[in-house]
Amino acid sequence: MIDKTIWENIAVWDHSETVLNHHLRDSAYSINSLRLDNSASLSITRRQLHNELLARLREFIITGKIKDGAKVPEKELCDYFGISRTPLREALKVMAFEGLVSLTHNRGATVRPITINDLREVFPIYAHLESLAGQLACDRLTKDEIGDLLNMHDQLAALCDEDKCSQFIILDELVHTRIEIAASNPVLSRMLQVVSGRVRRVRHLVRAPKERQRDALEEHGRIMTALKQRDNVSSASAIKAHVDSSFRFFEEKLEARAA
Ligand SMILES: [Zn+2]
């Protein structure tokens, strides 16, 4: 049985938006205390619009709403989000940097298919960054936050039992995001943002069967134990082992598809 409160949070959850809003909220507090003038407030609003649009557009691509190789329908997206071409193109440039779309002169943007080489380039970096987040979070998580993570771990076990793959993926990502937020390092979060798009995309593209969910759950169990004991060496190594294991799973699946 899934806890309703957690589930409501998951339904509106967005990885990048959650992390960025967390850091923006922190900067807004310090900025507000300086009593900035209207022009500064306007630039904050624009930045928030950019971040929100980017986060939503990213979710479109990551969750496969626009297929691999397809042209990004710029006019439809502008109508859908109620924006002009300029902010959309700014967001597409960031996503091109993250390897999610390709920009071609005069042809606009297309969704960039994820290749085995992408995974081989991105996963080792992602593994080290996630591992660092686990190491830093160990000392910074409050008792309540550890309690929340353990509760989420129980919910993850329930989803695995019920073989609810989509929800399992989302909650698994939310656990990692909570650890990243606890690490409380905006530079680390930005670096993770650059590499995590392709990792998240492959998760949605190659959906883990129940056996892989069970393995992931066991790996998460080791991460939870390390966090509970505030053992930052074990936490870092347990997260790295979990990401490495995910990489091997996805690599094998993509190789089989390519054969
Ligand atoms: Zn995980």
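I looked up the neighbours of A137 and found I179, A182, A183 and L227, leaving out residues up to four places away in sequence. I note that the model is predicted.

I then checked for a further core. A second, separate core of 14 residues includes L57, I61, L92 and V101.

Next I went to the largest nonpolar core, which has 38 residues. Within that core, F123, Y126, A133, A137, L171 and L227 touch the most other members. I listed the elements that give two or more residues to this core: α6 (116–140), α7 (143–161), α8 (165–183), α9 (186–205), α10 (210–228) and α11 (232–258). With 11 residues, α6 gives the most. As background, I recall that nonpolar side chains tend to be buried together in soluble globular proteins.

I turned to α10. I counted 19 residues, with 26 Å from the first C-alpha to the last. That is close to the 27 Å expected at 1.5 Å a residue.

Which residues of α10 are buried? I found Q213, A216, H220, I223, M224, A226 and L227. They lie on the same side of α10, because they cover an arc of only 155° around the axis. I also looked at the face turned away from the buried side of α10, and there I found the exposed residues E211 and E218.

What do the buried residues of α10 pack against? I found α6, α7, α8 and α11.

Last, I looked at what comes after the helix. R230 follows α10, and its phi is positive, near 50°.

Note on methods. Residues are numbered from 1 along each chain as its sequence is written. This is a predicted model: local features need pLDDT of at least 70, side-chain atom pairs count only at pLDDT 80 or more; totals for chains, interfaces and linings use all residues. A nonpolar core is a set of buried Ala, Val, Leu, Ile, Met, Phe, Trp, Tyr and Cys residues joined through C-beta atoms within 7 Å. A residue is buried if 20 or more other C-beta atoms lie within 10 Å of its own, exposed if 12 or fewer, and partly exposed in between; C-beta atoms are placed from the backbone. Helices (H or I, at least four residues) and strands (E, at least two) are DSSP runs, numbered from the N terminus. Two residues are in contact if their C-beta atoms, placed from the backbone, lie within 7 Å. The expected span of a helix is 1.5 Å times one less than its number of residues. The arc is that of the directions from the helix axis to the C-beta atoms.
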